[in-house]
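Welcome! Take a moment to turn the model around on your screen, and then let us walk through it together.

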Amino acid sequence: MPADANAAGDIFGGWLMSQMDLAAGTAAALRARGRCVTVAIDKVILHQPVLIGDEVSLYTDIVRTGRSSMSIHVQTWRRARHSHETVKVTEGVFTFVAIDDDRRPRPLPPEVAR
């Protein structure tokens, strides 16, 4: 939307990072089966701009798990409103820690076979 863009019509990188954090947080919460917090964001690369009106899709992949933490690679792709072509516009690695009700790190549960 226009409120999320600069004067040139490009979506703010911070808005994209926010969407990436939301997508990674969803993947983290599913894997941890509970609450997680973002503790680090690494290697965010802004390959190309996203323009007002573009459709944005985000994809996640858990690339590492530890005792209570996990690293999630996030890719953002855009599609112009009147095109079928998709282009990768951003990617980065988000690290999350599973936390308990007292907001302290807790062990990740065993993975569920799919």
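## Surface and overall build

The chain exposes about 7100 Å², and carbon and sulfur atoms supply 53% of that area. Accessible areas here come from the Shrake-Rupley method with a 1.4 Å probe, and for residues only the protein chains shown count as cover. Please keep in mind that this is a predicted model, in which local features need pLDDT of at least 70, side-chain atom pairs count only at pLDDT 80 or more, and totals for chains, interfaces and linings use all residues. Residues are numbered from 1 along each chain as its sequence is written, and side-chain values use heavy atoms, with hydrogens and water left out.

You can look for one helix and four strands, which follow the pattern α-β-β-β-β along the sequence. Helices (H or I, at least four residues) and strands (E, at least two) are DSSP runs, numbered from the N terminus. Along the principal axes, the C-alpha atoms fill a box of roughly 45 × 30 × 20 Å.

## What is tucked inside

Of the 114 residues in the chain, 33% are buried; buried means under 20% relative accessible area, exposed over 50%, and partly exposed in between (1.4 Å probe, protein chains only). The largest nonpolar core has 13 residues, and C36, M70, I72 and F96 have the most contacts inside it. A nonpolar core is a set of buried Ala, Val, Leu, Ile, Met, Phe, Trp, Tyr and Cys residues joined through side-chain atoms within 4.5 Å. At least two residues of this core come from each of α1 (13-32), β3 (69-79) and β4 (86-98), with α1 giving the largest share, five residues.

Leaving out residues up to four places away in sequence, C36 touches A28, A29, M70, F96, V97, A98 and I99, where a contact means heavy atoms within 4.5 Å. There is also a second, separate core of five residues, including A5, I11, L16 and V50.

Now find D54 in the loop between β1 (36-46) and β2 (55-65). D54 counts as buried because its relative accessible area is 15%. Its side chain joins that of R78 in a polar contact of 3.3 Å; such a contact is a pair of N or O atoms within 3.5 Å, and within protein one must be able to donate a hydrogen and the other to accept it, while residues adjacent in sequence count only if both atoms are side-chain atoms. A polar atom of the D54 side chain also lies 2.9 Å from the backbone nitrogen of L51.
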